[in-house]
Amino acid sequence: MKKLKFFAIGLIPGLAIVFFVLNKKGASCSGYLPNSRVIAETLSKDFKYSDSFKAEMTALKIDEKFIKDSIITNGKIDFDKSHAQKKPCPDYVLFYPEKNPTYEITYEKCEETTALNTLKKLK
């Protein structure tokens, strides 16, 4: 029982210190989840837009900045509809926003570029 007390006396303040230090630095573990990793890789590549994607952007009055900064950055990838293991370029289906999606994007993430293929407004 004494060992458990000493363990708790060290563990609780240690966890509190680690929590406050990491919180102050803005660290988070969310970047390790599959959705976050795929989106980060997608945003790091050059974007190529298909003709139908550009036409839909014009029709919906959406610009490239909104696509990158909002839809892709805050979107949720549907891994059930995606082909993440496809070679050489896996394709993904992304919904934005996560709850009650309004937009659906399909794209291929290749070695050097991201090819945005379709954009649909769901509502």
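This is a predicted model: local features need pLDDT of at least 70, side-chain atom pairs count only at pLDDT 80 or more; totals for chains, interfaces and linings use all residues.
Trainee: Let's begin with burial. Which residues of helix 4 are buried?

Mentor: Buried means under 20% relative accessible area. Helix 4 covers residues 64-72. Its buried residues are I67, S70, I71 and I72.

Trainee: How do these buried residues sit around the axis of helix 4?

Mentor: Look down the axis. The buried residues fall within an arc of 155°, so they line one face of helix 4.

Trainee: What covers the buried residues of helix 4?

Mentor: Both helices and strands take part. The cover includes helix 2 (34-43) and helix 3 (51-60). It also includes strand 1 (46-49), strand 3 (91-96), strand 4 (103-109) and strand 5 (113-121).

Trainee: Now salt bridges. How many are there?

Mentor: A salt bridge needs a side-chain nitrogen of Lys or Arg within 4 Å of a carboxyl oxygen of Asp or Glu. By that rule the count is 5.

Trainee: Let's stay with helix 4. How far apart in helix 4 are K65 and D69?

Mentor: They are 4 residues apart, so about one helical turn separates them. Their side chains meet in a salt bridge, with N to O at 2.6 Å.

Trainee: Are K65 and D69 exposed or partly exposed?

Mentor: Exposed means over 50%. K65 has 56% relative accessibility, so K65 counts as exposed. D69 has a relative accessible area of 41% and is partly exposed.

Trainee: Which side chain meets K109 in a salt bridge?

Mentor: That of E41, at 2.7 Å from N to O. This pair links distant parts of the chain.

Trainee: Is K109 buried or exposed?

Mentor: K109 is buried, at 10% relative accessible area.

Trainee: Which residue forms a salt bridge with E108?

Mentor: K86 does, and the closest N and O atoms are 3.5 Å apart. E108 lies in strand 4, while K86 lies in the loop between strand 2 (76-77) and strand 3, so the pair ties together parts that are 22 residues apart in sequence.

Trainee: What are the relative accessible areas of E108 and K86?

Mentor: E108 has 24% and is partly exposed. K86 has 36% and is partly exposed too.

Trainee: Which residues do shared partners join into one network?

Mentor: K86, D91 and E108. To read such a network, follow the salt bridges from partner to partner.

Definitions and conventions:
Residues are numbered from 1 along each chain as its sequence is written. Side-chain values use heavy atoms; hydrogens and water are left out. Buried means under 20% relative accessible area, exposed over 50%, partly exposed in between (1.4 Å probe, protein chains only). Helices (H or I, at least four residues) and strands (E, at least two) are DSSP runs, numbered from the N terminus. The arc is that of the directions from the helix axis to the C-beta atoms. Contact means heavy atoms within 4.5 Å.
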